[in-house]
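Student: Can we go through this model together? I'd like to start with the loops and then look at the core and the surface.

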Amino acid sequence: MLEIVRFLNEKNSPFVDNIYPFLNLYQNPDFPIDFAFLDDHGESIEDNGIEYSNVFDANLDTLVWA
């Protein structure tokens with residue numbers, strides 16, 4: 001991963017990631033549907049003291065920390 005990021009940085013290229021929150025719905029039939037949407041109508045999930053109101057925010061946080 002570091003090699004890829006270094007290469008992109010050297011070429012002044014953007015790092016792009018496609019966060020697609022709906023994949024969780026297709027992969028897990030028990031996934032809470034409201035959590036896949038960005039309307040904040042679903043139940044929040046807490047992970048290590050951080051509260052996520054949708055799977056997009058959780059996935060973005062995972063990407064940033066990676």
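Student: What kind of model is it, and how is it numbered?

Tutor: This is a predicted model, where local features need pLDDT of at least 70, side-chain atom pairs count only at pLDDT 80 or more, and totals for chains, interfaces and linings use all residues. Residues are numbered from 1 along each chain as its sequence is written, and side-chain values use heavy atoms, with hydrogens and water left out.

Student: Where does Asn54 lie?

Tutor: Asn54 lies in the loop between β2 and α3; helices are DSSP runs of H or I with at least four residues, strands are runs of E with at least two, and both are numbered from the N terminus.

Student: Is Asn54 buried or exposed?

Tutor: Asn54 is buried, at a relative accessible area of 3%. Buried means under 20%, exposed over 50% and partly exposed in between, with a 1.4 Å probe and protein chains only.

Student: What does the side chain of Asn54 reach at 2.8 Å?

Tutor: The backbone nitrogen of Asp57. There is also a polar contact of 3.5 Å between the side chains of Asn54 and Ser53. A polar contact is a pair of N or O atoms within 3.5 Å; within protein, one must be able to donate a hydrogen and the other to accept it, and residues adjacent in sequence count only if both atoms are side-chain atoms.

Student: And Ser53, buried or exposed?

Tutor: Ser53 is buried, with 18% relative accessible area. Apart from neighbours within four places in sequence, Ser53 is in contact with Phe35, Asp40 and Ser44, contact being heavy atoms within 4.5 Å.

Student: Which residues make up the largest nonpolar core?

Tutor: Six residues: Phe31, Phe35, Ala36, Tyr52, Val55 and Ala58. A nonpolar core is a set of buried Ala, Val, Leu, Ile, Met, Phe, Trp, Tyr and Cys residues joined through side-chain atoms within 4.5 Å.

Student: Switching topic, which non-glycine residue has a positive phi of about 55°?

Tutor: Asn12. Asn12 sits in the loop between α1 and α2 (23–27) and is exposed, at 71%.

Student: What about the phi of Asn48?

Tutor: The phi of Asn48 is near 50°, also positive. Asn48 is in the loop between β1 (45–47) and β2, and counts as exposed because its relative accessibility is 76%.
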